[in-house]
Amino acid sequence: MTTASGKTMAERLAVVPGSFDPVTLGHCDVIRRAADLFDRIVVGVAVNAAKQALLPVETRIALIEDSFAGREDIEVSQVPGLLAEFCRQRGATAIVKGLRGGQDLGHEEPMALVNKELTGVETVFLAAAPVWGHVSSSIVKDVARCGGEVSAYVTPAVAAALAEAFGRRQSVQ
Ligand code: PNS
C-alpha cells in the first residue's frame, strides 16, 4: 500500500480466531466488520482442546470459505498450535474477537492478556450486534441435533452440514 507522499505502508492484517464448529451468521458479522477495519483478514480455525468438535476442521474451513467466496481480503486457515504464535508468524497486527456481553469478556480478557504477553499481539474486541447476541455454535448444534430449524442462524451450507452430521437429509437451496 502506498501513501499520498509515496511511502510504502505494510498491510494491516488481523486474525479472527475461533473453533467455528460451525460458523454462525454472528461470526460472519464479526468477520465482515473486522474486514472493514483491517486490510486483510485471516480467519483462524483453531483446535480447542477443551471442546470435542462435531465437524472436522476441513469441513469447518470449507464452510467459512463458502460464506466469503469472492472476498480476496478474507483468507481461512487452520491454526495448528498456539494462536499467539500463529499471529506472530503471519505478521498480524491484532486478533479480533466478538463479545456477546460480560460472560464472554470474563472468558476472553485473560486470553487477550496472555496472548499479549506471549508474542505482543493485541486483541481488539467488537461488540456483537444485538441481533446475534444470543447465537452461539453450541446452541445451533443443540437445535440441529433435535431436528430444529437453524436457517435463521447459519448459511444453507452450514445447515446442510449439520443435518448430515446428525444423520438427517436436507437439501441446500
Ligand atoms: O471459543 P473458541 O471459538 O472455541 O476459541 C478457540 C480459540 C483457540 C480461538 C480460543 O480458545 C483462544 O483464543 N485460545 C488462546 C489460546 C491458544 O492459543 N489456544 C490454542 C490451543 S494450542
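In the predicted model, a ligand oxygen atom lies 2.6 Å from an N or O atom in the side chain of Lys97, a polar contact being a pair of N or O atoms within 3.5 Å; within protein, one atom must be able to donate a hydrogen and the other to accept it, and residues adjacent in sequence count only if both atoms are side-chain atoms. An N or O atom in the side chain of Ser19 is 2.4 Å from an oxygen atom of the ligand, and a polar backbone atom of Leu83 is 2.7 Å from a ligand oxygen. The ligand is surrounded by Pro17, Gly18, Ser19, Ala46, Val47, Asn48, Lys51, Gly81, Leu82, Leu83, Lys97 and Met111, where a residue is counted if one of its heavy atoms lies within 4 Å of the molecule.

Because the model is predicted, local features need pLDDT of at least 70 and side-chain atom pairs count only at pLDDT 80 or more, while totals for chains, interfaces and linings use all residues. Residues are numbered from 1 along each chain as its sequence is written, and side-chain values use heavy atoms, with hydrogens and water left out.

Lys97 has Phe125 of strand 5 as its bridge partner. Strands (E, at least two residues) and helices (H or I, at least four) are DSSP runs numbered from the N terminus. Strand 4 and strand 5 (residues 122-127) run parallel and are joined by six bridges; pairing requires at least two DSSP bridges between two strands. With helix 4 (residues 102-119), these strands make a right-handed β-α-β unit, in which the path from the first strand over the helix to the second runs clockwise with the strands pointing away from the viewer. Strand 4 also pairs with strand 1 in the parallel sense over two bridges, and Ile95 is the bridge partner of Val15. Five of the six residues of strand 4 are buried, so this strand is largely enclosed by the rest of the structure. Buried denotes under 20% relative accessible area, exposed over 50%, and partly exposed in between (1.4 Å probe, protein chains only).

The largest nonpolar core has 35 residues, and those with the most contacts inside it include Val16, Ile64 and Val96. Such a core is a set of buried Ala, Val, Leu, Ile, Met, Phe, Trp, Tyr and Cys residues joined through side-chain atoms within 4.5 Å. Apart from it lies another core of twelve residues, among them Leu13, Val15, Ala92 and Ile95.

Gly70 is placed in the loop between helix 2 and strand 3, and counts as exposed at 77% relative accessibility.
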